[in-house]
Every structure is written in structure tokens, then in C-alpha cells.
Amino acid sequence: MLVGTSEYTYLSSLPAVENNLKAVSSLLQRADLWGLPAEHCTVVHNPTSVDAMMDPLWQAREEAKDTLIVYFAGHGLMHSVESDLYLTLVDSHKDRMYSAVAYDTVRNELRASFARRKIVILDCCYSGLALGLMGAEDATERVANSASVAGTYLMTATAENKTALGGLDTHTAFTGELIQLISEGIPGQPEFLELDTIFQHARVSLREKGLPIPQKRESNLAAHIALVRNRAHKSQKRFEVKEFYGPIEGIQSGAIFESRRALHDAGVHRPLQAGICGTAERGGAESIVVSGGYKDDEDYGDVIIYTGHGGRDPNTGVQVKDQSADDSGNAALIKSIMTGLPVRVIRGAGGNEKFSPPAGYSYDGLYKVADYWTKRGADGPTVLQFRLEQIDDGAPKKRAPHLSRKLPPGRREEVAPGIYADRLLATELKQVYDHSCQVCGTVLEVPGGLRIATTVHIRGLERPHLGPDDKANMLCLCPNHRNLFKYGAITIEDDFSVIDRTDGEPIGKLMLKHDIDHEHIQYHRQHHTLGHQRLGNELR
């Protein structure tokens, strides 16, 4: 059932609402989207009485057995005393709330319906916003809470009393986004689009345009209702792996894109919502977007401390759960460390203003994923973080001041942009252990008697770890155990037992011939204990 009021006696007219009704009705009836029979799609345009709106709704809730959709577009009024939502009729007046339909009346009919699935879409302009009675976020929250119904997926939009928002002359802003997503489809999504997928993409797009951000309420897994076929599914291009990674032909570093859709169309970052593109199975992350969405992100220009994906409340953006290394996006970034494939970095306007564009998105070249760890996030739960370092591809670099250890030429090794380690310390430590691994005792020797060993700083020298460059913060390891230690597949206890993090079992004691600061191994254990089975297996 689709209801819309575009002509008013006492309120400003909303001609775009009539276009909304026609477009939504047409989309639902299209055979390649849903194929809803015309007799099951009731459209009520410009209702002049409560009966004119409610009688068709009663009929729809009586007949619907599987899915009941109720859509309303027009002015919404907030009762000045009860703060309840009212849906407007042609003759509704903001000072005579009885001239509109209380949403509570609609909600009661929805509760009485035997339909298994119920979808409510409210695209309302709230006169209370124009009168300054409450802030937009307060209004949206209040409306969303008051409109919720058990077993229902509710979408509600906030808008000012304007015919068109954000330059949309044909449709209202929120409905216009829904129409575009349904009619064009969403690349990278399954054959059938779920309700929550459509809503989240509309939410991201509206936020990028600076328009009011919609809200949702859901219950009983209603978010996973497959609403329509995804028109972009069959038309998705199939690329070879080599085409996913590295630069995009014709796109130079510094190029500006106005939206996520433009990034997708150019092939720079294909997802319209996700910040990480790519999978571990295919070789790692292809591209990421840095736009200030996570409080723990740090951007230093040619070095980025990037917070992984997952665990955030979709409505508030607050981190409410620990992130997992098995999340597909996080696993992709971890795999990038091992494959060494470059990652395209895109910055959004919400990021660090020193390096981010004032509006839209900028493609800022190729980076490598150098390291990752865990930390307690700003909101409390644990987050994963990744250190990305810009690759010298000839493009201008965005730089910030680095900590630099000024060592004599020939004695320093750059371990990260602007961060140097003393080569002499590594040489001395290898000599102490006669080039044997402190974990397994292995000595690697090549023809000619040359022995090979590696050293690793327990607490990294680079941001954000800022460990000291001294032997108390170093280990001498074979290449295999160096990688296992660096990425948290093994850790060291305070008694110097070496623990295999994939099964939690000890694998022996660390060989000790030099002093090691316990604070450093505790730091490593705190930030690198992930228990990531797949990572451990791949590193082996």
C-alpha cells in the first residue's frame, strides 16, 4: 500500500510526492525486480479523510499473508504535547492535529495483520524542524522509536519542509535514493537485494550529500528480507586478479571523485558502502577508503594507521563489539601483508583535513600493508589496526613529520618511512646467538659458510608503537619464526615460554643470551594475540 499527499490546503505542496508514488509502484510491478501484480499494489494519492487513508490499509492488512508494505510520503507532524507522529492529509493543519492521522492508528493495524513480514517506509518532512522545536537527530530518533512494530522493518527519513532536497527536482531525497538503488541495482551484492543492504547504501549516499540521515528499526530478522532482484548482479564485470590490484589506467594520484558511485564507476573502489574492497582468497585488499569513520584512525600522509572493519553500531557509529581478524575485510588486509600486493588508498572529506579533500573523495596512490595489531579502541571494544605505507610510484607524496634517528651513513636502515634502525645492533645480536634462532635453534647456512638470520623489534619502532631501538627490544630469529612472531602467530610469556597462538599450546622456551625487557614482550602479547588460525597456517 502506497500513500502520498502532494497537495495541501494549509501546508506547502510537495509535487515530488506524486512522482514518488508513480515510480515506486512501477518498480514493484516490474517483472525483472519483483513482479507484484497490479491488483496487489494499492496507491492512495492525496487522501482527504482518515477513512480514505485507513480503509485501504485495513483491506491490505486483511489480505496480506506473506509481505505487507506500507509506504507514506508527505508532511509529517509532531504533536507539540505528546511528541507523537502524525501523517498528513490534504486538509491537515499543524495547529489541529486531529486533522491528520496518528501513526499510532496505522501501527495498530499493522499489529493486527497476519502477514509474515511487514515493511514500513516513512518519507516525511517534519514541520517541527522548521519551527525549531527539536533537533533533526532527536526528531528522527523519536519518530523511529514511536513507529516501531514487532516483526517489522521500518525505514524513516528526516527532511525539511521543501519540495525537493539536495537538488532533486523529481523525487524527495530519501525516496529518490531508494528508487535509484532499486532501479540500477548495487554492484557486488547478491542476486536478490536485502532490505538492510538497500537502506545502508541509501544512508551512506545521503550522508555524503550532506542531507538528513535516515533511521531504521528492525526485529525478527526482518533486515534480511530479500525485497527485489539486483539489476546489477548479472552485469558485473569479471576481472582477472591482476586487474583488481595496482593503479587504474587513466587515473592519476590526486584525482577527485564526487561520490562513492563515481569511485565505483571508475574502478578505483568498487563497493558503494564497504571501506575495504577485496578478499583474502583472491590475494588481499584491492582498495580502502579513509574518511574519518573510525575514531582510532591516524593519518600522517605517507603513513596511515587504518582501523579495521566490524563491531560498530550502524546508527550511531559507536564501536560496540570487538573486531575479528576473520572478518572478510580484515582478513584481506592481513593477506596483503603476505602477498605484498599494493592497495589503492582513497581519502574522503571526513578524514584528516591536512591530507583529505574538502569535499568528495581523492585517490591518493598505492600503499603497502606493513603491519597489523590489536588495541583497545576509543569506544572500549578491541579494534584491529593496520599500518599502510605509501609506495614510491613517482606521484607526489603527502608527508608529515616523522621521528628520525640520525645515524651515520651506512649504519642505519630505514624500517618505515622516516624511521631508522641501527644496523650495528642487529649485527651484534646475531653474533651473540651465532646466527641461530632463539625459538627453534635453527642455523641457516648457504654454500660458502654464510649464515643467515634475521632480527625483529619486539615493540615496533614506527607509529603508533614507538618502541626503542636497543637489544632489550630485539630478538634473533629464523625467517619463519620472525614472520610468525611479527604477525602474532606466536607470542612470548613472561617466563619466556613461546606460545603457538593457533592452538594456545607452548612450543618451548626462548633461548636467552641477552637481556629482554618484559614490558616489550607484554606489549607484543597484548597487541598481537589474535588466535588467527588461517593466518598461522598461511605463514607456515
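**Close-up 1. Lining of the largest cavity.** By class, the lining of the largest cavity comprises 15 nonpolar residues, 1 polar residue and no charged ones, where Ala, Val, Leu, Ile, Met, Phe, Trp, Tyr, Cys and Pro count as nonpolar, Asp, Glu, Lys and Arg as charged, and the others, Gly among them, as polar. The model is a predicted one, in which local features need pLDDT of at least 70 and side-chain atom pairs count only at pLDDT 80 or more, while totals for chains, interfaces and linings use all residues. Residues are numbered from 1 along each chain as its sequence is written, and side-chain values use heavy atoms, with hydrogens and water left out. A cavity is a set of points, on a 1 Å grid over the protein atoms alone, where a 1.4 Å probe fits but cannot get out, and lining residues have an atom within 4 Å of a point; grid points are joined across faces, edges and corners, and a volume is the space filled by probe spheres set on the points. By this rule there are 6 cavities of 30 Å³ or more, and the largest holds about 180 Å³ of space. Of the 16 residues that line the largest cavity, Val-24, Ile-121, Leu-178, Ile-182 and Leu-227 are the closest to its centre. Helix α6 supplies the largest share of this lining, 4 residues.

Close-up 2. Helices (H or I, at least four residues) and strands (E, at least two) are DSSP runs, numbered from the N terminus. Helix α7 has 14 residues and reaches 20 Å from its first C-alpha to its last, close to the 20 Å expected at 1.5 Å a residue, the expected span being 1.5 Å times one less than the number of residues. Because 12 of its 14 residues are buried, α7 is largely enclosed by the rest of the structure; buried means under 20% relative accessible area, exposed over 50%, and partly exposed in between (1.4 Å probe, protein chains only). Just after α7, Gly-210 takes a positive phi of about 75°.

Close-up 3. Strands β26 (residues 497-500) and β27 (residues 505-509) pair in the antiparallel sense over 4 bridges, two strands being paired if DSSP finds at least two bridges between them. Ile-499 stands opposite Pro-506 in β27. The two strands form a hairpin with 4 residues between them, and Gly-504 in the turn has a positive phi of about 75°.

**Close-up 4. The loop residue Asp-434.** Asp-434 lies in the loop between α11 (423-432) and β21 (444-446), and has a positive phi of about 50° although it is not a glycine. At 44% relative accessibility, Asp-434 counts as partly exposed.

Notes:
On a 1 Å grid over the protein atoms alone, a cavity is a set of points where a 1.4 Å probe fits but cannot get out, and a pocket is an open set with protein on both sides within 12 Å along at least five of seven lines; lining residues have an atom within 4 Å of a point.
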